[in-house]
Amino acid sequence: MSDCHSCGNCAVAAPPPKLSKATRSHVVAIIGPPNSGKSTLFNRLTGLRQKVANFPGVTVEQRIGRARTTSDRDIVLIDLPGVYSLNPRSEDERVTHDVLKGEMKDAPKPDAVLLILDSTNLGRHLVLAAPILSLKLPTLVILNMADDLAHRGGNVDTAELASQLGAPVALISATKGDGIQKVFQFIVGTAGGTTSLAAPKVELPILQDIPRCRQWAHQVGTGAAYQAPAPPLWTRRLDAVFLHPVAGPLIFLAVVAGVFQTIFSGAKPLMDGLQALIEHGSKWVGNIFPEGIFRSLLVDGVGHGVGSVVVFLPQILLLFLFIGILEDSGYLARAALIADRTMAKFGLQGKSFIPLLSAYACAVPAIMATRTIESKRDRLATILIAPLMTCSARLPVYTLIIAAFIHERPLLGPLLGTQAGALLGLYALGFLAAIVTARLLKSSILKSERTPFMLEMPPYRMPTLRSLGLRLLDRSKVFLRRAGTVILAVTLVLWVLLHLPLHDGKPPEIEHSFAGMIGHSVEPAIKPLGFNWKIGIGLISSLAAREVIVGTLGTIYGVEDTGDNSVGLRQRLQSELTPGGAVALLIFFAFAMQCMSTIAVVRRETGGWKWPALQFAYMTFLAYLGALITNQVMSSGLII
Amino acid sequence: MTCSAASTDTDSMMQMSVNREFEGPKFPPSSPRTLAELKQGESGTIDRLDLPEDVARRLMELGFLPGHVVVPARSAPGGEPRVYRVDGSEVALRRETAARVILRQPSKGVAKTLKP
């Protein structure tokens, strides 16, 4: 994984070659087993002074932040993926291993380590201390969940534990902030170069021998008078409900249905508000700038193109809020458990459920979340099917076309109308395509032995507002950055292509513009699907991101209001598309892989162009075939 | 009482930690041979893992070490995967994996049925 210097055994951190200007910053890595509260501690230490390297994954992401201290030196904290040991098997364990050993490209070798362990399960968590302490980096052993430990009647002598391990120990509660001062003191102390490691009282075990390591942990724990707490009663009570043979699956379905219902209906007022705000802004801009090409660029290009996409921010945030609550509370692990048997039928396992659920929001974090899956083939299969799940970028397209072509009639009494039903059908279609593809992959090119499902069930915990808030902030930044870069760029390029070549100094008719020529050149290929050249331009521009087609069509039709609720755009669509073509367009968007970010992340995660190219070809083929059949069947009058 | 669910092979320590949660051990008519045969609330002591090395290592990291006591808890609908309580945590396994976790036999004086 590394192509820089190999200094695996260096005891002292060498200045990283990449960070020449930042040689004076002090790098502290946070490491711990899954569910030990790493991210909570990280949020505590950095607050808003953190950034995600690329996209935030659900569980696996390397986050970097600056410590909230008043030190002369710049202190950089790295939140590493949770691991049980330093023997890397899954992808995120490899990340942790490589960063700690200084073998990670673009990541500096840490100067100090914060090892965070769950104090309520110290016997097992202390095992990780052996490989970490053997790295010989200045290390603070943090025993988290101190409140829980005391509440459930456990106890530990931290001073004695420190002398047993030969490293300082802090008993804290990351959620409540108790004892966090000690962590800051350690960080600042190591930045000043004052902390050094003492020799451990109990000699470190051979790291490869797990029973020995566990025995060592037990010996150290006993030496520090560790008393394990009583079992978590609330977790057992909640599991009696959530894992009940009858109530469990019903609650599972209710949770999934509730999440969707709230995303569709709950976000509406916020979206309407945002829409009104953007329209207002556009009008205001339109009023202060004189009539002309610059105003047209701002209002038609930026305002309508980008604005029509930004409107979907509340919906996307709501989805991420739900996923955040489900994950932080510990329910997601139970959901994966319940889903395992169903996933197994399609050749996958319960762990694939978590990334697939988050793919409903966006395939990019979903694909990054697959790093928790140990089996390479299972992971690849999950990556390949994730973009078929109905991501939030499809929503604007679906909403627009459904509103234009499907008459609202009650379907299930007042509960479900035909429009919501159609939307639900499209979600089901995406899911079906995903699992059938998984089955195909797992019985052909990705055939493998059934991989064992091993998943730790964390105790239920109350999600904190702090961590949920930071998550949403992260997401908003990512979304707005995308709207401000990819979508803005595409809209601007399109706007330019629509206004060139100039005839006698005037922009041409759309039909004779460069964009129009491009649309006409693809028309023969898409005509059998029921799409004309204008839809063709939309399809091409939506290769960058699906939702771009809404802005594109708006700009093309020259309608003032290009939002998804726009009557003008809706009416124009009704005259541009036959019902067969409209449904074909929905099917096309359900299957096609129109997303540059996804292609880029698949390339990065699979380490080459082979898989994203295959995936793109497969999904485009599926989209074309599905749309072709739909349009041909519907326009031949066989149905409807 | 020291570390609950300790890693040593001293079985008395194992039983102590379990007896805090459950009462009244009694012998079953025939003792289960693998983890998959254990019923909910019963307990058994792991003898060895009959699994490929990488899987076995991961299981050991999760607490499934020889000498450790395991208690099956709730399961997903349909009976699997099932949650197992081991070494202070709860881990879900499929039946096929649990069937490869071999338990110690009562002749060695360990496996017992415990009333929930």
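Below is a chat about a predicted model, covering the A–B interface, chain B, a helix pair and one glycine.

Trainee: Okay, this is a predicted model. How many residues of chain A are in contact with chain B?

Mentor: 35 residues of chain A, and they are in contact with 36 residues of chain B.

Trainee: Which elements of chain A supply at least two residues each to that side?

Mentor: Helix 3 (122-125), helix 8 (210-223), helix 10 (247-266), helix 14 (331-345) and strand 8 (454-456) of chain A. The largest share comes from helix 8 of chain A, with 8 residues.

Trainee: And by class, what does that side of chain A have?

Mentor: 17 nonpolar, 11 polar and 7 charged residues.

Trainee: You listed strand 8 of chain A. Which strand of chain B does strand 8 of chain A pair with?

Mentor: Strand 5 of chain B, residues 89-93. The two pair in the antiparallel sense, over 3 bridges. One of the residues to look at is Leu455(A), whose bridge partner in strand 5 of chain B is Ala92(B).

Trainee: Let's stay with chain B. How many helices and strands are there?

Mentor: Chain B has 3 helices and 7 strands. Going along the sequence, the pattern is α-β-β-α-β-β-β-α-β-β.

Trainee: What percentage of chain B is buried?

Mentor: 49% of its 116 residues. As for contacts in chain B between residues at least 6 apart in sequence, 61% of them join residues at least 24 apart.

Trainee: New topic: helix 17 and helix 19 of chain A. At what angle do their axes cross?

Mentor: Roughly 145°, and the axes come within 9 Å. That's helix 17 at residues 376-385 and helix 19 at residues 418-442. The crossing is right-handed.

Trainee: Which residues meet there?

Mentor: From helix 17 of chain A, Ala381(A), Leu384(A) and Ile385(A). Helix 19 of chain A brings Ala434(A), Thr437(A), Ala438(A), Leu441(A) and Lys442(A). By class, the residues of that contact divide into 6 nonpolar, 1 polar and 1 charged.

Trainee: Last one, Gly286(A). Where does Gly286(A) lie?

Mentor: In helix 11 of chain A, which covers residues 268-288.

Trainee: Why does Gly286(A) count as partly exposed?

Mentor: Because Gly286(A) has 16 C-beta neighbours inside 10 Å, and a residue needs 20 or more to be buried, or 12 or fewer to be exposed.

Technical notes:
Residues are numbered from 1 along each chain as its sequence is written. Chains are lettered from A and ligands numbered from 1 in the order in which they are written. This is a predicted model: local features need pLDDT of at least 70, side-chain atom pairs count only at pLDDT 80 or more; totals for chains, interfaces and linings use all residues. Two residues are in contact if their C-beta atoms, placed from the backbone, lie within 7 Å. Helices (H or I, at least four residues) and strands (E, at least two) are DSSP runs, numbered from the N terminus. Ala, Val, Leu, Ile, Met, Phe, Trp, Tyr, Cys and Pro count as nonpolar, Asp, Glu, Lys and Arg as charged, and the others, Gly among them, as polar. Two strands pair if DSSP finds at least two bridges between them. Axes are lines fitted to C-alpha atoms, for helices over the stretch in contact, and angles run from 0 to 180 degrees between N-to-C directions. A crossing is left-handed if the near helix is turned anticlockwise from the far one by less than a right angle, and right-handed if clockwise.
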